[in-house]
Amino acid sequence: MKPVIINEDDDLVNQIKTIIGQARHNVVAAVNHELLYSYWHIGKLIADRERSGGMNDTSARSFILALSKVLSSELGRGFSRSNLFNMRNFYLNYPDVQTLSGHLNWSHYCELLAVSDKDARSFLRKRMPKFTLVYP
């Protein structure tokens with residue numbers, strides 16, 4: 001019996017590569033979606049606590065710093081003071097969670113939040129490249 005030889009360009013190999021590529025894309029899109037919505041909800045919780053606690057800028061900064069320390073020790077990386085401020089600002093600048101684009105990732109939104117002019121931010125948001133995953 002002769003050994004079976006399958007080449008890289010075999011139709012079956014290409015079909016399997018397409019399935020795996022699409023699955024990887026779907027996983028990345030799902031993770032991005034969940035991350036954005038989680039950060040939006042965290043930002044909402046922070047803003048709600050600041051509002052209900054009647055915090056001024058100074059007490060809000062102290063609150064976020066203390067929260068950062070607790071979350072970082074409990075959950076690990078990703079909860080720095082600056083990231084928590086970004087989450088808060090994310091919610092404040094995009095109060096309707098339905099308006100979030102799945103084509104942008106957290107880094108895109110952090111870049112947009114650095115732009116203070118809302119019209120300029122909207123302009124840039126529409127022109128940002130779509131979030132894609134590139135495989136080596």
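Accessible areas come from the Shrake-Rupley method with a 1.4 Å probe, and for residues only the protein chains shown count as cover. By that method the protein exposes about 9700 Å², of which carbon and sulfur atoms supply 57%.

This is a predicted model, in which local features need pLDDT of at least 70 and side-chain atom pairs count only at pLDDT 80 or more, while totals for chains, interfaces and linings use all residues. Residues are numbered from 1 along each chain as its sequence is written, and side-chain values use heavy atoms, with hydrogens and water left out.

**The whole chain**

Begin with a cartoon view of the protein, where you can find 5 helices and 0 strands; helices (H or I, at least four residues) and strands (E, at least two) are DSSP runs, numbered from the N terminus. The radius of gyration, taken over C-alpha atoms, is 21 Å, well over the 14 Å that the globule rule (2.2 Å times the number of residues to the power 0.38) gives for 136 residues, so the protein is more spread out than a compact globule.

Next, colour the residues by burial, where buried means under 20% relative accessible area, exposed over 50%, and partly exposed in between (1.4 Å probe, protein chains only). Of the 136 residues, 26% count as buried.

**Helix 4**

Now select residues 106-113, which form helix 4, and show the side chains of its buried residues, Trp106, His108, Tyr109, Leu112 and Leu113. Looking down the axis of helix 4, you will see that these buried residues fall within an arc of 155° (taken from the directions from the helix axis to the C-beta atoms), so they line one face of the helix. Which helices do the buried residues of helix 4 pack against? They pack against helix 1 (11-52), helix 3 (81-93) and helix 5 (118-127), with contact meaning heavy atoms within 4.5 Å.

**Tyr37 in helix 1**

Move on to Tyr37, which is found in helix 1. Is Tyr37 buried or exposed? Tyr37 is buried, with a relative accessible area of 18%, and, not counting residues up to four places away in sequence, Tyr37 touches Val97 and Leu100.

**Arg127 in helix 5**

Finish at Arg127, which is found in helix 5 and is exposed, with a relative accessible area of 53%. Select Gly76 as well, and draw a line between the two C-alpha atoms: Arg127 and Gly76 are 51 residues apart along the chain, and these atoms are separated by 33 Å.
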